[in-house]
Amino acid sequence: FTRAWCVAELVEADGLNIQQELILHDTDCLHTHGQSLTQLSVRSCKASREEDREEIIGKIGDTDAFDRRLQWLFFRSTGLLRSHTDDALVSTTAAVAKILSVQAGQDSFQP
């Protein structure tokens, strides 16, 4: 999740009510990098060209609201990590959900 266009498309697809799933070929990578997802920001993402990155971020506008929605997409009870969360990640997921005020069963994003 280091490419600006990838995270932008996750949020855009959610806004269009497109069902999404995260498929991991190796769940160990989630254990290794899962904590970094709690700090993922579109501002730290990259693109092939700096102009592309600036254009993507420019289209996003409010990057703080975007980042909150991105976190919500990953960590809500029905989020992208729902089928990959085990005991080792439950506490991280629960902590992020609490911080984002995401309650179990909440299906809509409210910044």
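How much accessible surface does the protein have, and what share of it belongs to carbon and sulfur atoms? The accessible surface comes to about 7,100 Å², and 50% of that belongs to carbon and sulfur atoms. Areas like this come from the Shrake-Rupley method with a 1.4 Å probe; for residues, only the protein chains shown count as cover.

A quick word on the ground rules. This is a predicted model, where local features need pLDDT of at least 70 and side-chain atom pairs count only at pLDDT 80 or more, while totals for chains, interfaces and linings use all residues. Residues are numbered from 1 along each chain as its sequence is written, and side-chain values use heavy atoms, with hydrogens and water left out.

**The overall picture**

The protein has five helices and zero strands. Here, helices (H or I, at least four residues) and strands (E, at least two) are DSSP runs, numbered from the N terminus. Of the 111 residues, 39% count as buried. Buried means under 20% relative accessible area, exposed means over 50%, and partly exposed is in between (1.4 Å probe, protein chains only).

**An aromatic pair**

Searching the whole structure turns up one aromatic pair. Rings of Phe, Tyr and Trp (its six-membered ring) pair if their centres lie within 6.5 Å; planes under 30 degrees apart are stacked, over 60 edge-to-face, and the rest tilted. F1 sits in the segment before α1 and F74 in helix α4 (residues 63–75), so the pair ties together parts 73 residues apart in sequence.

| Residue | Relative accessible area | Class |
|---|---|---|
| F1 | 39% | partly exposed |
| F74 | 0% | buried |
| D14 | 11% | buried |

**The core**

F74 turns up again in the largest nonpolar core: of its 21 residues, V7, L37, L40, L70, F74 and L81 touch the most other members. Such a core is a set of buried Ala, Val, Leu, Ile, Met, Phe, Trp, Tyr and Cys residues joined through side-chain atoms within 4.5 Å. Helix α4 gives the most to this core, with six residues.

**D14 and R69**

D14 lies in helix α1 (residues 4–15). Its side chain makes a polar contact with the side chain of R69 (2.6 Å). That term means a pair of N or O atoms within 3.5 Å; within protein, one must be able to donate a hydrogen and the other to accept it, and residues adjacent in sequence count only if both atoms are side-chain atoms. D14 and R69 are 55 residues apart along the chain, with their C-alpha atoms separated by 9.4 Å.
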